[in-house]
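Have the structure open beside you and follow along.

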Amino acid sequence: MEISQVKGNTWMIKSWELIPFYRLDAHRIILLDSGQADQRTELEELLQREQLVPAAVLSTHAHIDHVGNNRFLREKYGARIALPLGEAGTIASKTGIMFQNIHQSFQDVNSDILRRDLECVTDRIILPEETRVEICGVPFGIIHTPGHSVDHICIRTPDNVLYAGDALITARTLEHAKFPYAVHMQAYFDSLNVLRRERADIYIAAHEGVYTDLIPEIDKTERKIRTLLNRYLLMLEEKMTANMLTARICRTFGIDSHEIFFLAYLELSVQVYLNYFREHGLAECWVEDNMIWYRRKDNE
């Protein structure tokens, strides 16, 4: 890990993902997300080397690669934790964490290095109507961009640097991702349109890129996801379950998973795609033999 200045007091940590931070002074900082738990050793080494002390963590959403070190930083440095309302509850308890990972037991969560320390109480909950918050006396702009997660936010620093978190999964990142993740696909597209209207001097996407113009990246990302959705729709035959469609997509893209958690993640993604198809009149579902079946609707 290394740090580089973005603009003014806005800096970022460069790793396999980008973690921005805002300098309060020579040593105290506010992290925008905290990375994944398996980055903790590197993060701690960097903080010590650069003589940085996290006074707070303002997180975009509660996925493991964005809040994985919140609890650690809260316990070691007394860092105050800020999260949107819909995200804060999901990591407030082991039950909430399990709800996000429905195929994992308590034992699985407790033995998983990426999830066992996720449980963390949020000190400052950001409400849906809030468009500005003060953290350690510093005003940050808040843009609500749900879709990737239930209550994802983007964060504007006082230097007019806009951190998009995962509201924008760049086309470069999606190039090898066959199952783009969202909890609600239409909300994700709607949030991309919200980002189109936001103007900043510099934009940071967590995975990964720094831009002076975000619109070309938004366009490429939307085209990539819509292309994948069209392919999935064509794979949906006359009578299929969500699991059957998942298996077909895996075969098409050469994915062979033997891990329960990873396959459950893929099935959850496919369920989101199916919901999107139904919302737009592209597919229908029905119950038969105590199973939910889907089929593509070929509009005449």
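Predicted model: local features only at pLDDT ≥ 70, side-chain atom pairs only at ≥ 80, totals over all residues.

The expected span of a helix is 1.5 Å times one less than its number of residues.

Helix 9 runs over residues 215-235, which makes 21 residues. From its first C-alpha to its last it reaches 31 Å, close to the 30 Å expected at 1.5 Å a residue. Which residues of helix 9 are buried? They are Glu 217, Ile 218, Thr 221, Glu 222, Ile 225, Leu 228, Leu 229, Tyr 232, Leu 233 and Met 235. Around the axis they cover an arc of only 150°, which puts them on the same side of helix 9. An α-helix has 3.6 residues a turn, so residues three or four places apart point the same way. Turn to the other side of helix 9 and you will find Arg 223 and Leu 234, both exposed.

**Aromatic rings**

How many aromatic pairs does a search of the whole structure find? The search gives 9. One of them joins Trp 11 and Phe 21: the ring centres are 6.4 Å apart and the planes stand at 25°, so the pair is stacked, given that planes under 30 degrees apart count as such. Trp 11 belongs to strand 2 (residues 10-14) and Phe 21 to strand 3 (residues 18-23), so the pair ties together parts that are 10 residues apart in sequence. Both Trp 11 and Phe 21 are buried.

Elsewhere, Tyr 188, Phe 189, Tyr 276 and Phe 277 form one aromatic cluster. Two tryptophan rings also have a charged residue over them: the charged end of Lys 239 sits over Trp 293, 4.6 Å from the ring centre, while Arg 295 lies over the face of Trp 286 at 4.4 Å from its centre.

**The largest pocket**

The largest pocket holds about 1400 Å³ of space. Its lining is made up of 48 residues, and those nearest its centre are His 63, His 148, Tyr 181, Tyr 265 and Leu 268. Which helix gives the most to this lining? Helix 11 does, with 9 residues. The helices that each supply at least two lining residues are helix 2 (64-67), helix 5 (94-100), helix 7 (171-174), helix 8 (185-197), helix 10 (242-253) and helix 11 (260-279).

Finally, take a look at Gly 86, found in helix 4 (residues 85-88). Gly 86 is partly exposed, at 28% relative accessibility. How far apart in space are Gly 86 and His 61? Their C-alpha atoms are 8.7 Å apart, although 25 residues separate them in sequence.

Key. Residues numbered from 1 in each chain as written. Heavy atoms only, no water. Phe/Tyr/Trp six-rings, centres within 6.5 Å; stacked < 30°, edge-to-face > 60°. Helix = DSSP H or I, 4+ residues; strand = E, 2+ residues; numbered from the N terminus. Buried < 20%, exposed > 50% of the residue type's maximum accessible area, 1.4 Å probe, protein only. Lys NZ or Arg CZ within 6 Å of the ring centre and 35° of its normal. Arc of directions from axis to C-beta. 1 Å grid on protein atoms, 1.4 Å probe; cavity = no way out; pocket = protein on both sides within 12 Å on 5 of 7 lines; lining within 4 Å. Points joined across faces, edges and corners; volume = space filled by probe spheres on them.
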